[in-house]
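Please open the structure in your viewer, keep the selection tool at hand, and follow the stops below in order.

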Amino acid sequence: ILLNILTIYLAFITYTNLIKPTNELPNYMNYLRLTISFIGFINSISWISIIAEELINVLKFISIFIDVSDTILGLTLFAIGNSIGDMISNITIAKMGFPLMSLAACIGGPLLNLLLGIGVDGLVVLLNSSNGINELKFDLNLTLYISIFCFLTNLCFILVYVPLNSWRIDKKVGLTLIGICSFGTTICIL
């Protein structure tokens with residue numbers, strides 16, 4: 001209770017002295033604003049990291065409890081959770097009148113996640129290895145092969161069909177892409 005009262009008091013002091021005034025502040029107050037903003041940014045990243053780690057721990061416990069593989073968990077729950085923010089921002093950008101930017105983000109975002117995710121993760125694992133391992137080995141199971149095949153099928157479909165369709169992406173293209181993805185995910189789950 002004491003910590004909550006202290007936090008509310010400090011927030012009130014910060015609001016009345018830094019945020020509310022509209023007149024020109026002294027120079028040191030601007031530096032204080034910048035410092036508080038930076039601390040808030042670091043604090044929000046820390047909370048996101050803590051909550052994401054606990055969410056992953058809970059989902060991992062549930063997957064062990066009901067005997068679901070990590071690959072299936074990654075293809076379903078983690079993929080959906082990772083893509084919802086991108087989907088909302090891409091829809092918003094397209095509705096604002098920038099469909100090409102939205103389309104580029106649909107392809108560029110997952111590609112960046114794929115390349116940087118595997119690249120940086122592999123680099124961190126290799127740099128942290130204390131026994132001098134110079135390569136990162138992992139097993140590809142059938143589920144990952146099916147997922148990669150469906151992903152490449154979607155990309156090839158876009159590459160071939162969209163130019164033949166006068167560079168238009170209509171409902172037929174969207175339904176086909178969703179169908180291929182849903183089919184691959186269903187096969188992987190089964």
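A disulfide is counted here when two cysteine sulfur atoms lie within 2.5 Å of each other. By that rule this model, which is a predicted one, has zero disulfides.

**First stop: helices α3 and α4**

Select residues 70-95, which form helix α3, together with residues 99-128, which form helix α4, and look along the pair: their axes come within 8 Å and cross at roughly 160 degrees. Angles over 145 degrees count as roughly antiparallel, and α3 and α4 are therefore roughly antiparallel to each other. The crossing of these two helices, α3 and α4, is right-handed.

Coloured by class, the contact of α3 with α4 shows six nonpolar residues, four polar ones and one charged one.

Now centre the view on Asn-90, which lies in helix α3. Is Asn-90 buried or exposed? Its relative accessible area is 11%, and because a residue under 20% counts as buried, Asn-90 is buried. Leaving aside residues up to four places away in sequence, Asn-90 touches Ser-102, Ala-105 and Cys-106.

Move on to residues 142-164, helix α5, and residues 171-189, helix α6, whose axes come within 9 Å and cross at roughly 170 degrees. With that angle, α5 and α6 are therefore roughly antiparallel to each other.

On α5 the contact includes Thr-143, Ile-146, Ser-147, Cys-150 and Tyr-161, while among the residues that α6 brings to it are Lys-172, Val-173, Leu-177, Cys-181 and Cys-188. Sorted by class, the residues of the contact of α5 with α6 are eleven nonpolar, six polar and one charged.

**Last stop: Cys-150**

Which cysteine sulfur is nearest to that of Cys-150? Select Cys-150 and Cys-188 together: the sulfur of Cys-188 is the nearest one, at 6.6 Å, and Cys-150 is in no disulfide. Cys-150 is also buried, with a relative accessible area of 10%.

Methods. Residues numbered from 1 in each chain as written. Predicted model: local features only at pLDDT ≥ 70, side-chain atom pairs only at ≥ 80, totals over all residues. Heavy atoms only, no water. Axes fitted to C-alpha atoms, helices over the stretch in contact; angles between N-to-C directions. Helix = DSSP H or I, 4+ residues; strand = E, 2+ residues; numbered from the N terminus. Parallel < 35°, antiparallel > 145°, perpendicular 65-115°, else oblique. Left-handed = near helix turned anticlockwise from the far one by under 90°. Nonpolar A, V, L, I, M, F, W, Y, C, P; charged D, E, K, R; others polar. Contact = heavy atoms within 4.5 Å. Buried < 20%, exposed > 50% of the residue type's maximum accessible area, 1.4 Å probe, protein only.
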